[in-house]
Amino acid sequence: MTMETITAEASGTYRLGDLPVHRLGLGAMRLTGSAAFHIGTPSERERSLTVLRVAVELGVNHIDTAAFYFSALRSANELINTALSPYPDGLVVVTKVGPHRDEQGEWSTAARPDELRGHVEENLRQLGRDHLDVVNYRRQSQDSIAEHFGALAELREAGLIRHLGVSGVEPRHLAEALEIAPVVCVQNRYAVDRPDPVGDEVLRLCGEHGIAFVPFYAVAGAAGEHGATTAHDEAVLSVARTHGVSPAQIRIAWTLHQGPHVLAIPGTGDPAHLVQNVAAGALRLTGEEVARLDAARSQAG
């Protein structure tokens, strides 16, 4: 596989509502530093800007971000605004609200429904937009998301948001949201080394409803916000050797093989890794390889 000529188009296309996106996108969390939030060291600004510009050149038209993606010196939204504004036609920027960090970077309590407008307006300001393409409500510990999602539905009616999604949800939360307003995507943690029967059911329901399922930490695995994992199952390593690619690329390919409605948003602050991530969208695993990876996943944990 020659990565130099592979673009995000090779991953295929799906729709977030009426917005077509390539199935291989970009997560903005790692643009700010060596690890997410305040955990790592801040990134080199020009390199992060380069990642964003090269991503668009490679056909990436789906970028996932949030106002709470910032480190001591960098804000993902500000980097996106600087690198890509005026935004090219067809670029879809997805953000999320609910969690909140104060100016010192410390996590605050989850937003109340009446606070979500402020979160939306902060994303609008940082991104330099007059509306947000897609906003996910990120559930934290709430038993019900009806009030929060309802507040976002009102902002959608007001024109501040085009489409809505949910994140960190179980089937019952998705059902709650669908009773209130259309849902175009579900963003849950999901990975080849993480058995997750509830996540499997959400993925299935999304397929039935024509909703995009967008895993996060698919490459990071157990490392989560600390960055890409270096602990790979032998099945991942074996398939990677067969294809002559990295384990991270196999993790992305497995993600995309979970269904035509599944999108991938691997994050990186490294232009070389970006090229590899995009190239993973062209990988085609055999049925036997997918079965081997699935079997290893069922035994993990």
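Where does Ile6 lie relative to strand 1 (13-16)? Ile6 is found in the segment before that strand, where strands (E, at least two residues) and helices (H or I, at least four) are DSSP runs numbered from the N terminus. The model is a predicted one, in which local features need pLDDT of at least 70 and side-chain atom pairs count only at pLDDT 80 or more, while totals for chains, interfaces and linings use all residues. Residues are numbered from 1 along each chain as its sequence is written, and side-chain values use heavy atoms, with hydrogens and water left out.

Ile6 is buried, with a relative accessible area of 11%; here buried means under 20%, exposed over 50%, and partly exposed in between, for a 1.4 Å probe and protein chains only.

Attention can now turn to a pocket. On a 1 Å grid over the protein atoms alone, a pocket is an open set of points with protein on both sides within 12 Å along at least five of seven lines, and its lining residues have an atom within 4 Å of a point. Grid points are joined across faces, edges and corners, and a volume is the space filled by probe spheres set on the points. The second largest pocket has a volume of about 260 Å³. It is lined by 14 residues, of which Ala67, His100, Arg101, Glu122 and Gln126 are the closest to its centre. Strand 5 (92-97) and helix 3 (116-127) each supply at least two lining residues, and helix 3 gives the most, with four.

The cysteines come next. A disulfide is a pair of cysteine sulfur atoms within 2.5 Å, and by this rule the count is zero.

Two backbone details complete the picture. The peptide bond from Ser85 to Pro86 is cis, with omega near 0 degrees, and Pro86 sits in the loop between helix 2 (76-84) and strand 5. Tyr217, in the loop between strand 9 (212-213) and helix 7 (234-243), has a phi near 60 degrees, a positive value in a residue other than glycine. Tyr217 is also buried, at a relative accessible area of 16%.

Terms used. 1 Å grid on protein atoms, 1.4 Å probe; cavity = no way out; pocket = protein on both sides within 12 Å on 5 of 7 lines; lining within 4 Å.
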